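Colleague: Could you walk me through this one? I'd like to know what stands behind each label you use.

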Amino acid sequence: MTQHTEEPDLTNGRGLQSIREGFYKFVFFAFAALTVVTTIAIILTLLVDAVTFFAQYSPVAFLTGTDWSPALKPVSFGVLPLVFGTLVVTVTAAFIAIPVGTLTAVYLSEYAAEGTRQVLKPLLEILAGVPTVIYGFFALVYITPVIDVFFPSVTTFNVLSASLMVGIMTIPMVSSISEDAMAAVPDSLRQAGYGLGATKYDVTTGVVVPAATSGIVSSYILAISRAIGETMIVTVAMGMQAKLPVVGSTEVFGFGVPFVHPGTVFLESGQTMTAAMVQIAQSDLAGGTTAYNSLFAIGLTLFVITLLMNIVSNVISERYREEY
Amino acid sequence: MAETDVDAGVGFTGVSRLRGKVFALLARAASWFGIVVLGLLLALVVVDAFGLAAASSGWYAGALVGFGAPTLIYAWYVTRTRPALRSVAARTAVLPLAGLVMAGGLAVLFVIFEPLLWFVYYTVSVLPAVLVFLLLRRQEDSRAPLVGGFVGAVGFAAASVLVGWVPIKPVTWLILLWVLVVPFASLVASRAGTDSRNRQSTIAGIIVVGGILAGAVLPRSVAVSPEVSIILYLSVLVPLGWYAGLVVSRERRRWPGLLSPLVLGAAGWLGLVLADTIGRQGPDVWLDWQFLTSAASTFPEQAGLFPAIVGSVFIIDIVAVVSFVVGVGAAIYLEEYAPTTGYTGLLTRVIRVNVANLAGVPSVVYGLLGLGLFVNLLGMGLGIVLVAGLTLSLLILPIVIISAQEAIRSVPNDVRQASYGMGATKWQTIRNVVLPRAIPGILTGTILALSRAIGETAPLLMIGAATTVFAAPETFTSQVSAMPLQVFYWSFSVKSTFREFVAPAGVVTLLGVMLSMNAIAIYLRNRYEQRT
């Protein structure tokens, strides 16, 4: 933000000029205000149709229902299977993106030579920039056959391939923000660590990473929020079956313990909230039907979740930032 | 980032040293992990798109020897014996490639708008406006932009009327000559930078005559259309000639560096000839001219990406204009005008936080916004160019605003104060001092954002864009498909050939477009960083 307090006022008495100055200021303000209008428009659009949906279908049944079948009669709009699908993808993706992304940030900020950084950073940007529909295509056509080698029971559309791709796609999200946070740690802290006789490993894990924690955590939240909102990878590679896992039971020391076979979760198809939205939009654009309005109800759920996560991420990085 | 070798101290045990080494190794492996995976996947998709697996090993041996031997010899000569040639050789090798990309862009413009439209609008509106502007500016008349703009506007109105009944319809290549070659020649001549007028007119003459040759004479013998020939001539040969002229006139001893495109071309031709004589079976190329120029089809061999390419270009045109104008305007307000105190200061804060949050909204939600706002509320059609363009504009707007803000912020405050000190008003300062310095950064950010928009799929699916169309859009209210949508459609095709070969060809095309946009942005950024 720049301030010009000593700006001389030479426009006095020049009518046309001051009108022009005012005109430009107004136009630019209007453009800036357009972003607020966009947010309001998003909320209103989602709310109006979501309210119509909840007038036709009980919100409690929507939020607690365990069956999602908008097309087959009798229709049922229980969002839990979709939430479960999103959760599985997000958690699996986080298991890849968080460790790999953090280590990447550590390497870029602490270990890599300047030349290596110059090569790695644009490549990571490309990793983040590849269209997600292409990642989805990769998961379906190239990753699934590899999984098939290890787990022959895998189906063409499966949760695992999509989750792996989402994980790889979100690595740069974690690494770039975490690296910024680590680079912001002042060098005097590192030197103090070395002065106490610490090794590079000790300084990195004991000084730099703790000092950058707020930035690192906010990068995790942003990456997870991105994974939740990710649409095309899961639409292309994960299939269209919204389902909750089948809970079996197994005997441990004579007690029945509830048990979910991982194969039924990862190696078969599933559906996320975003993929369900695409499916409805592709099949039912007539408008007015309950299924059509459910699109906006899921959209609203998604919007609220990602917005909350972004706000939390901002609060963490602002409030808990260590100022040096 | 301390460079001190702390491990060299005494008293540290081997275990601790090993732990550090393992950690460093792990971190290094992690940073390459994603990139290596992506690299492998890209290699696979390229192999499929060009059907490389179909070729026999003899073919590869022939191609490798034919292409590799001359290239290696030349590369060895350039890098080992005459290192001074390296930069010239690299530039002459890259220049034709950049020219080809530009030629593609030009060609698409002429596909979208009929050549006759170009002819009429150029002759009646653009040309008079530019001439009047230049004439007035030469007389240092400050009304030059105003009068020029007026002439242009009147001409535009006249052209819109005239378009209906043009008495003569010139041949397309003549139109190209008039609309592209002549102005380009004058531009190059005026840039020639010598005080002798003779030289300028000679250069202009050479370019125009070359254009006539390329349009009328050459094509008959080489079997390309005159239009393609003129566009290639303008975007590849003329820049190459210009650069060669510079090298020869300034650093004559470096001329062997200019041979690189010739060597590469000859080596490529030799490679193909050798490969075809030795190998029985060549690669089964899917991504070829036919693929880029045909419409979608139910037969894999005839399927193409053309309507989707044109659709993407249509959409990106709207996105570029809307997001650039609005995004830069909003950034200017936030950086230069926005007050920080009082109620309006609060509003400024709200706008800032809001922009940051909008950047994190999932793209599929923007699709719902487009569906609810443009289609349902404003009654624009389902899946038309305009709705697609506006939706994607809103999607990338936060990214454009944030990057433009950064570019404007990086302009030092001293120059603003200097401008105010000379009596300039705020807008004059922004236009003449701030924007010229910020524009490379703004362009870099905008191009990167556009390259994201060109790959977006989910919002387009939401607004009901067709995943496959059989005709290219003609107006901004036509039904539209886009490259990523077509790839999406092929990924689900029942015929496995579509999934295994046609979709990869689409993926490689889309990635090619995207990566060249990124390359342009990175090039701009590097140039800009060198200057400051």
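This is a predicted model: local features need pLDDT of at least 70, side-chain atom pairs count only at pLDDT 80 or more; totals for chains, interfaces and linings use all residues.

Colleague: Let's move to chain B. What is it built from?

Modeller: Chain B has 19 helices and zero strands. Its C-alpha trace spans about 70 × 70 × 60 Å along the principal axes. Of its 532 residues, 45% count as buried. Among contacts in chain B with a separation of 6 or more, 74% come from residues 24 or more positions apart.

Colleague: Take H3(B). How do you know that its end-to-end distance agrees with its residue count?

Modeller: H3(B) covers residues 86-112, which is 27 residues, and at 1.5 Å a residue they should span 39 Å. The end C-alpha atoms are 40 Å apart, so the two values agree.

Colleague: Which residues of H3(B) are buried, and what covers them?

Modeller: The buried ones are Val88(B), Ala89(B), Thr92(B), Pro96(B), Gly99(B), Ala103(B), Leu106(B), Phe110(B) and Ile112(B). The cover includes H2, H4, H6, H8, H9 and H11 of chain B.

Colleague: H9 is on that list. Why are H3(B) and H9(B) called oblique?

Modeller: Their axes come within 8 Å and cross at roughly 60°. Roughly parallel needs an angle under 35 degrees, and roughly perpendicular starts at 65. The angle lies between those limits, so H3(B) and H9(B) are oblique to each other. The contact pairs Ala89(B), Thr92(B), Ala93(B) and Pro96(B) of H3(B) with Ser260(B), Pro261(B) and Leu264(B) of H9(B). That gives five nonpolar, two polar and no charged residues.

Colleague: And H12(B) against H14(B): what makes that pair oblique?

Modeller: H12(B) is residues 342-358 and H14(B) is residues 385-409; their axes come within 8 Å and cross at roughly 125°. With roughly perpendicular ending at 115 and roughly antiparallel needing over 145, H12(B) is oblique to H14(B). Here, too, the crossing is left-handed. H12(B) brings Arg352(B), Val355(B) and Leu358(B), while H14(B) brings Pro398(B), Ile401(B), Ile402(B) and Gln405(B). By class the contact has five nonpolar, one polar and one charged residue.

Colleague: What makes you say H13(B) is mostly covered?

Modeller: In H13(B), 12 of its 15 residues are buried, among them Tyr366(B), Leu368(B), Leu369(B), Gly372(B) and Phe374(B). At 1.5 Å a residue, H13(B) should span 21 Å, and its end C-alpha atoms are 20 Å apart, which agrees. Just after H13(B), Gly379(B) takes a positive phi of about 70°.

Colleague: Why does Gly370(B) count as buried?

Modeller: Buried means under 20% relative accessible area, and Gly370(B) has 0%, so Gly370(B) is buried. Not counting residues up to four places away in sequence, Gly370(B) touches Val375(B), Val387(B), Thr391(B) and Ile463(B).

Colleague: How about Thr45(A): why is that residue called buried?

Modeller: Its relative accessibility is 11%, so Thr45(A) counts as buried against the 20% limit. Thr45(A) sits in H1 of chain A, residues 15-56. Leaving aside neighbours within four places in sequence, Thr45(A) is in contact with Phe296(A), Leu368(B), Leu369(B), Gly372(B) and Leu373(B).

Colleague: Last one. Why is Thr264(A) called partly exposed?

Modeller: Thr264(A), in H11 of chain A, has 26% relative accessibility and therefore counts as partly exposed. Buried would need under 20% and exposed over 50%. The C-alpha atoms of Thr264(A) and Asn158(A) are separated by 9.8 Å, although these residues are 106 apart along the chain.

Technical notes: Residues are numbered from 1 along each chain as its sequence is written. Chains are lettered from A and ligands numbered from 1 in the order in which they are written. Side-chain values use heavy atoms; hydrogens and water are left out. Helices (H or I, at least four residues) and strands (E, at least two) are DSSP runs, numbered from the N terminus. The expected span of a helix is 1.5 Å times one less than its number of residues. Buried means under 20% relative accessible area, exposed over 50%, partly exposed in between (1.4 Å probe, protein chains only). Contact means heavy atoms within 4.5 Å. Axes are lines fitted to C-alpha atoms, for helices over the stretch in contact, and angles run from 0 to 180 degrees between N-to-C directions. Ala, Val, Leu, Ile, Met, Phe, Trp, Tyr, Cys and Pro count as nonpolar, Asp, Glu, Lys and Arg as charged, and the others, Gly among them, as polar. A crossing is left-handed if the near helix is turned anticlockwise from the far one by less than a right angle, and right-handed if clockwise.
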